Amino acid sequence: MSEPKAPTPAPGDTYKGWLFKWTNYIKGYQRRWFVLSNGLLSYYRTQAEMGHTCRGTINLATANIAVEDSCNFVISNGGTQTYHLKASSEVERQRWITALELAKAKAVRMQPESDESGDDSTPPASGQGAGSRNSEVQSTLRTLSSKVEDLSTCNDLIAKHGSALQRSLSELEGVRLGGETSEKFRQVTERATLFRITSNAMINACQDFLTLAQTHSKRWQKALQSEREQRVRLEETLEQLAKQHNHLERAFRGATVLPSSQSNPSIDSKGPVPVKGDASDEDDENEFFDACEDVQEFITVPADPKYHRRSGSNVSGISSELGMDDGTTSLDEQSLASNPESPQSQELVPVRKRRSRIPDKPNYSLNLWSIMKNCIGKELSKIPMPVNFNEPLSMLQRLSEDLEYYELLDRGAKCQNSLEQMCYVAAFTVSSYSTTVHRTGKPFNPLLGETFELDRVQESGYRSLCEQVSHHPPAAAHHAISERGWTLRQEIALASKFRGKYLSIMPLGSIHCIFEKSTNHYTWKKVTTTVHNIIVGKLWIDQSGEIDVVNHKTGDRCHLKFAPYSYFSRDVARKVTGVVTDKDGKAHYVLSGTWDEKMEYSRVMQSSRGGENGAEGRQKTVYQTLKAKELWRKTPLPEGAENMYYFSTLALTLNEPEEGVAPTDSRRRPDQRLMEQGRWEEANAEKQRLEEKQRTVRREREREANRTASPSEEGKEPADGAEEVEIASEPSETTYKMEGPYGAQAKSGHQDNYTPMWFERLVDPMTGETTHIYKGGYWEAKEQGSWDSCPDIF
């Protein structure tokens with residue numbers, strides 16, 4: 001690589017940070033702490049090792065720096081030392097490359113200077129202007145140095161004369177009045193005069209130094225600022241060139257992507273290049289070849305700069321809604337803030353102050369295997385699960401958490417263009433998973449007829465209602481409406497598969513979002529949630545699968561892909577990518593980000609077919625896009641969230657007691673309340689009581705409906721939402737398959753014989769699906785305090 005001609009960092013400048021270093025084929029990439037200082041790149045296992053143990057150092061003066069791809073780069077000094085490194089992102093990699101190149105250039109220049117010992121001359125500068133500037137600086141520095149020496153001399157003289165004056169004064173105190181008195185006074189007077197003269201000289205020297213420094217200070221500040229701006233511009237140019245070079249190289253080779261909906265990570269033609277780990281790191285491990293990683297469905301490259309100079313009218317109005325200029329607020333946000341109908345511009349109304357903490361989670365230990373081993377080969381419907389695996393929220397409350405980032409729908413309601421609106425709906429879809437990254441606790445399964453209301457009209461302009469409309473199969477209906485022009489409704493049931501090491505949860509049912517002003521009707525489904533390390537190890541959650549967000553009015557579509565986590569993948573973890581297309585299949589926006597942090601969009605200016613994959617011979621689509629803009633970013637968790645089940649700010653308020661809610665509201669559920677208070681033993685006892693009460697009510701309801709059950713089925717009602725389990729014996733493995741809710745219903749023909757209070761089962765006119773839709777009456781009943789028709793479920 002050519003050395004960037006950027007300002008050389010000052011001596012002693014360091015660059016520190018975490019990088020992933022290839023160690024060997026057993027452990028792959030390992031996280032290490034790297035320190036770049038004085039032309040040397042050193043690394044340690046942890047920051048604490050910096051004081052005593054260095055794992056390796058490479059001299060950049062003789063090193064070669066090479067970039068492999070978007071995140072990987074290699075540093076080698078000719079064969080004896082080679083570091084294969086990986087940054088967390090392309091931007092972070094470019095920062096390291098820039099710092100390494102600057103340090104290398106400085107180290108190369110410092111080598112001849114160190115050989116010329118005692119030589120005070122400056123190295124030759126390129127150009128006459130640079131030489132004159134160097135001469136001026138050297139002259140000023142010599143003058144300042146001379147002044148400093150004068151100050152030092154004056155300081156010594158002041159100390160000397162001051163001591164003599166002090167001695168004379170001490171002697172004067174012990175002198176008796178007589179002939180020697182006048183001699184002593186004369187000595188004191190002389191020494192005081194010398195001290196005054198020396199002090200004046202010191203003051204004058206300080207004034208000269210200060211005047212000279214002030215004279216050149218502004219000039220140096222301007223020069224320094226100019227150099228800084230030049231360096232920043234150069235770094236940005238290098239970063240942009242590196243990105244363009246990398247994207248174009250990948251597009252040319254066609255070796256990193258597969259066509260949409262046909263990607264197969266097991267037949268990726270681009271295999272890993274075998275490399276050797278450093279001898280100072282884990283070097284006595286066995287080697288193995290890296291696994292093939294999952295690949296993207298498309299690639300993007302920066303668009304031609306001519307597109308950036310176009311007016312807003314030439315870019316399909318994207319600047320008017322999503323905001324094209326850096327550092328500016330999008331116009332839809334401006335219009336939302338200035339809209340007289342918006343609550344933000346109305347006279348402030350005092351709202352309820354919500355709680356920001358709940359009692360810390362108790363540290364109770366529980367052996368999961370001791371429970372699960374007793375479940376194999378047995379009927380699970382009668383085995384109650386303790387609250388130790390739960391979090392103090394119900395599934396209805398978790399469903400309401402989808403509204404955590406309702407602002408995205410508020411912005412979407414202001415959009416004039418359906419494609420721009422699609423971007424906000426897609427970001428809202430992804431944002432609903434951001435609260436799950438650390439939430440390994442299982443929510444309480446709602447009892448049949450249980451409800452949960454979330455009234456945020458004063459604070460946020462919306463209110464929401466959920467109801468458990470079916471228990472066999474378990475299903476919940478949700479309806480939310482906003483004063484800002486959107487409605488969200490869904491009916492979600494869960495199917496799950498347990499295979500020993502992990503549990504896969506597949507939500508069934510569609511989510512609908514309707515915007516009042518444009519009448520655009522969007523639908524989508526949720527992806528699969530996987531809980532890993534069920535038996536042994538620390539639980540962690542991943543989201544994987546694909547989502548198609550469809551606008552049934554215009555035919556617009558957004559295809560989102562949630563990449564499953566892979567230890568060997570070079571991509572950022574929890575990655576989400578998507579493309580927004582119109583009814584003709586033409587791409588208009590590319591979405592990218594992670595489901596636990598943020599989402600960005602890029603305007604597509606041109607698309608083309610890229611190179612072919614060597615193994616499959618299929619072509620990929622290459623999108624030329626404008627600079628990415630942020631659509632959504634996750635709000636940080638509140639302080640101490642790790643002790644409060646990793647609840648978000650909204651989640652902390654969901655189970656807060658409120659007056660006037662229905663008797664069936666989840667906030668009134670006693671076992672859930674006891675668990676939140678840390679009284680888990682009492683919560684387990686209360687949970688069993690509620691489950692048995694639900695079984696009794698169900699048997700009575702069946703008798704009233706004159707429905708007789710067979711002897712084998714009677715008395716086997718599942719506990720608190722438990723699903724039927726079928727153990728399939730196979731020669732190679734034992735698979736525990738939990739039938740999906742609709743599958744279980746079809747298999748047994750079992751019905752709840754229950755009519756929901758606030759929802760009715762209808763055929764959706766847009767999708768043709770039979771689903772539960774809000775029929776109204778709840779909020780009117782709340783205003784009147786009329787809950788007589790609500791069942792007694794607690």
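Predicted model: local features only at pLDDT ≥ 70, side-chain atom pairs only at ≥ 80, totals over all residues.
Here is a guided walk through the structure above, from the whole protein down to single residues.

Residues are numbered from 1 along each chain as its sequence is written, and side-chain values use heavy atoms, with hydrogens and water left out.

Let's start with the whole protein. It has 15 helices and 29 strands; helices (H or I, at least four residues) and strands (E, at least two) are DSSP runs, numbered from the N terminus. Of its 794 residues, 45% count as buried. Here, buried means under 20% relative accessible area, exposed means over 50%, and partly exposed is in between (1.4 Å probe, protein chains only). The protein exposes about 40,900 Å², and carbon and sulfur atoms supply 50% of that area. Such areas come from the Shrake-Rupley method with a 1.4 Å probe; for residues, only the protein chains shown count as cover. Among contacts (heavy atoms within 4.5 Å) with a separation of 6 or more, 62% are between residues 24 or more positions apart.

Now find helix H13, residues 680-704. Its 25 residues reach 36 Å from the first C-alpha to the last, close to the 36 Å expected at 1.5 Å a residue; the expected span is 1.5 Å times one less than the number of residues. The buried residues of H13 include Trp-680, Ala-683, Lys-687, Leu-690, Gln-694 and Arg-698. An α-helix has 3.6 residues a turn, so residues three or four places apart point the same way. What covers the buried residues of H13 includes strand S10 (442-444), strand S12 (462-471) and helix H12 (670-676).

Next, look at strand S17, residues 521-524. In a regular strand the side chains alternate between the two faces of the sheet. In S17, His-521 and Thr-523 point one way, Tyr-522 and Trp-524 point the other way, and all are buried. S17 pairs with strand S16 (residues 511-515) in the antiparallel sense over four bridges; two strands pair if DSSP finds at least two bridges between them. Within this pairing, Tyr-522 is the bridge partner of Cys-513. S16 and S17 form a hairpin with five residues between them, and Thr-519 in the turn has a positive phi of about 60°. S17 is also joined to strand S19 (residues 540-551) by two bridges, and these strands run antiparallel. There, Tyr-522 stands opposite Asn-551.

Charged side chains come next. A search of the whole structure finds 37 salt bridges, each a side-chain nitrogen of Lys or Arg within 4 Å of a carboxyl oxygen of Asp or Glu. One of them joins Asp-402 and Lys-526 (3.2 Å, N to O). This pair links distant parts of the chain, 124 residues apart: Asp-402 is in the loop between helix H7 (395-400) and helix H8 (407-414), and Lys-526 is in the loop between S17 and strand S18 (528-532). Both Asp-402 and Lys-526 are buried.

Another salt bridge joins Arg-669 and Glu-450, with the closest N and O atoms 3.2 Å apart. Arg-669 lies in the loop between helix H11 (649-654) and H12, and Glu-450 in the loop between S10 and strand S11 (451-456), so the pair ties together parts that are 219 residues apart in sequence. Arg-669 counts as buried because its relative accessible area is 1%, and Glu-450 counts as buried because its relative accessibility is 0%. Arg-699 is partly exposed at 23% relative accessibility, and Glu-692 is partly exposed at 36%.

Finally, visit a few loops. His-472 and Pro-473 are joined by a cis peptide bond, with omega about 5°, and Pro-473 lies in the loop between S12 and strand S13 (474-482). Arg-574 has a positive phi of about 60° although it is not a glycine. The loop that holds Arg-574 runs between S20 and S21, and Tyr-567 is also placed between strand S20 (557-562) and strand S21 (575-581). Tyr-567 counts as partly exposed because its relative accessibility is 45%.
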